[in-house]
Amino acid sequence: MPYPKLPRTAPGELPLISTCYEKGRAQWGRVLPALGGETRRVVMPPGSGIRLRVAKHPRWDSLPGGHMPALVQQQPAPPFAVLVDSACVYGGDGVLLVDLRHIPGRGVRVRIRQLRSVVESLAGGSLHFDDLVRGMDRFGFYQGANDQPAVATPTTVARTGFPHLPAVEETLLVRTDFSDAASWQAIVSFLDEASAAEGPAEDDTFSEAVDLIATVVDDRAFEDLQPPQVPALVPCRISARPTMVALADAVTMSGPERLLFVVDLYDTPGQAARIRLDEAGLMAVNLELSNMDFGDFV
């Protein structure tokens, strides 16, 4: 069953979307009170020229932010959407802003107390979504108090027009660089050897090594794909969502550690981290079990 489309917005309106529900009722946490309450399904930040159009539907429960561009039914699309998800309602203070125009599907978290000023600055042109991405801390918060990422998430793309990625539940490993066939074959061989290994360990010492179970995508259609473009390419389906997407790019091919460019799909869609190939399995398992957040690996 497809997700419901977003409502059409009038000029000057931006969608304010709930993706957190209890017994079919939208949960807004502290967001609506901070914006002055709900009136005729439109929240009006006092003193601003921006209207946030409240949008809710129980079938949007737990919908990843990267899927939002697929639900837009008007052109041009609104510049961005504001999502109130479970991480905002139960786990913290940050709404998720999702880019709908420049690089659709990427996200940045913004503290509720900053929301009005950030929205006004984005709408007025004094702030750009790229600025939000460059200003993220490791947990995806714009101007957050945590450490800065060790590796910056790209804010530019080489090209557009990519097809959708395969609909799977496991990790996707996508080749995006085609300059070194030998290096790519070494990566594939590593995965094949890990999956073929059988039998108990030589001793009883606990090992943190976890094999990466991944669907390999070796298709030139994805050449030069960048992390912020990935979330919108994951099929918008409830039944098949990958744990994570890892890109094998030029950096991956060039170094002995085989540093994958892993992309967040849920906490802050499009945020990227460099992970060694032999540690990617451990990351996938911890994300799937919610033992760790993506920001812990960043």
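Modeller: At 19% relative accessibility, Arg-258 counts as buried (under 20% relative accessible area; exposed is over 50%, partly exposed in between, with a 1.4 Å probe and protein chains only). Arg-258 lies in the loop from α7 (250-254) to β12 (259-263), and its phi is positive, near 50 degrees, although the residue is not glycine. Helices (H or I, at least four residues) and strands (E, at least two) are DSSP runs, numbered from the N terminus. The model is predicted, so local features need pLDDT of at least 70 and side-chain atom pairs pLDDT 80 or more, while totals for chains, interfaces and linings use all residues. Residues are numbered from 1 along each chain as its sequence is written, and side-chain values use heavy atoms, without hydrogens and water.

Gln-143 also has a positive phi, near 55 degrees. This glutamine is in the loop between α5 (129-134) and β9 (171-175), and with 53% relative accessibility Gln-143 counts as exposed. A cis peptide bond, with omega about 0 degrees, links Gln-75 to Pro-76. Pro-76 belongs to the loop that runs between α2 (68-71) and β6 (80-84). Most residues other than glycine have a negative phi, and most peptide bonds are trans.

As for sulfur, the structure holds 0 disulfides (a pair of cysteine sulfur atoms within 2.5 Å). For Cys-20, the nearest cysteine sulfur belongs to Cys-88, 8.7 Å away. Cys-20 counts as buried at 3% relative accessibility, and Cys-88 counts as buried at 5%.
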